[in-house]
Amino acid sequence: MREARPFRPWKESPRLVEHPRRDRTELWTRTAAAPPAVYGERWSDAPGGPYRTFDPMRAKLAAAIVRGWEGDLPAERERWLYLGAASGTTASHVADLVGPDGAVYAVERSLRPFARLLALGERWPGLLPVLGDAREPRSYSALVPPADGLYADIAQPDQIAIVLSNARLLLRGAGAPVLIALKTASMGRDASAPEHLRRAEGELEPVLALERSVKLDPFHRGHYLVGGRARAALFDDGPRPRARRPPERSRGPRRS
Ligand code: SAM
């Protein structure tokens, strides 16, 4: 399990590290869980660990980091809402990033992957599986406290509308990050991938202060990571189910 080369914090992150190899630099997440592997990732008990490889071929969030995403990432002690958790490949890494004192509310509607997600929830502190339909956020809003961030990977034609309805209802307020693994192939054949991206950015721009989107090719063809911090305008429409708690941690200057 031991690796000879160093594990260095990635941009000062305590739970995301880079590990130089001869031909590339790998990303790893620091975990509070114990083996076995979730999807064949490698584990290391190097000092500060244990760590798990965060594979850009398997996790779009890792691919986005490798492709130069400069926006927010899940950080230690935060609460994130994760839409489309499937069997937990990426959600387990998001749980690593927020650490044992954070939480990931991982929503999945399909029973088969959800059964595997439930089993991971037994092993991962802070990984909280929610069986539900992301088109109906009110059906699980009582289970999810105001979230510091939202990550979505649901590959649906109406993915932007789904994300925004969840963000309005369940994010803690302006400044909270929203990250979307945008699958352009799910958005219809009437436009190219870059055109779908432009349309999505156009829909999001009034309510999110967008970061520069990154293309996830060659790791995930036709996908982009799109997102930014919620503007106050996101919360202008529609009632919220409960009083919003004030943000517990500052994320630097707000751009809303
Ligand atoms: N995020 C996962 C990962 O990286 O490990 C992969 C997610 S897969 C691309 C998309 C998932 O979204 C599927 O498991 C699917 O069942 C789920 N999904 C699609 N529509 C959904 C909805 N309306 N509500 C909840 N889950 C949904």
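1. Start with the residue classes. Ala, Val, Leu, Ile, Met, Phe, Trp, Tyr, Cys and Pro count as nonpolar, Asp, Glu, Lys and Arg as charged, and the others, Gly among them, as polar. With that in hand, look at the shell around the ligand in this predicted model. Its residues divide into 8 nonpolar, 5 polar and 6 charged.

2. Which residues of the shell are closest to the ligand? They are Gly84, Ala86, Thr89, Thr90 and Ala134. In total, 19 residues surround the ligand. Two elements each give two or more residues to this shell: helix α2 (89-98) and strand β7 (103-108).

3. Now the overall layout. The chain is divided into two domains. Domain 1 covers 8-54, and domain 2 covers 62-235. Their C-alpha centres lie 22 Å apart.

4. The domains touch. On one side, 14 residues of domain 1 take part; on the other, 17 residues of domain 2. Which element gives the largest share of the domain 1 side? Strand β3 (residues 25-30) does, with 3 residues. By class, this side of domain 1 has 9 nonpolar, 2 polar and 3 charged residues.

5. Check the length of helix α5 (residues 193-204). The helix has 12 residues, and at 1.5 Å a residue it should span 16 Å. The expected span is 1.5 Å times one less than the number of residues.

6. Next, see how α5 sits. His196, Leu197, Ala200 and Leu204 are buried. Seen down the axis of α5, these buried residues fall within an arc of 100°, so they line one face of the helix. Pro194, Glu195 and Gly202, on the other side of α5, are exposed.

7. What do the buried residues of α5 pack against? Their partners are α4 (159-170), β10 (177-183), β11 (208-210) and β13 (223-230).

8. Is phenylalanine 114 buried or exposed? A residue counts as buried if 20 or more other C-beta atoms lie within 10 Å of its own. Phenylalanine 114 has 22 other C-beta atoms within 10 Å, so it is buried.

9. Finally, the neighbours of phenylalanine 114. Leaving out residues up to four places away in sequence, it touches Glu108, Pro129 and Leu131. Alanine 85 is 29 residues away along the chain, yet the C-alpha atoms of alanine 85 and phenylalanine 114 are separated by 8.2 Å.

Conventions. Residues are numbered from 1 along each chain as its sequence is written. This is a predicted model: local features need pLDDT of at least 70, side-chain atom pairs count only at pLDDT 80 or more; totals for chains, interfaces and linings use all residues. Domain bounds come from an automatic or database domain assignment. Two residues are in contact if their C-beta atoms, placed from the backbone, lie within 7 Å. Helices (H or I, at least four residues) and strands (E, at least two) are DSSP runs, numbered from the N terminus. A residue is buried if 20 or more other C-beta atoms lie within 10 Å of its own, exposed if 12 or fewer, and partly exposed in between; C-beta atoms are placed from the backbone. The arc is that of the directions from the helix axis to the C-beta atoms. A residue is near a molecule or strand if its C-beta atom, placed from the backbone, lies within 6 Å of it.
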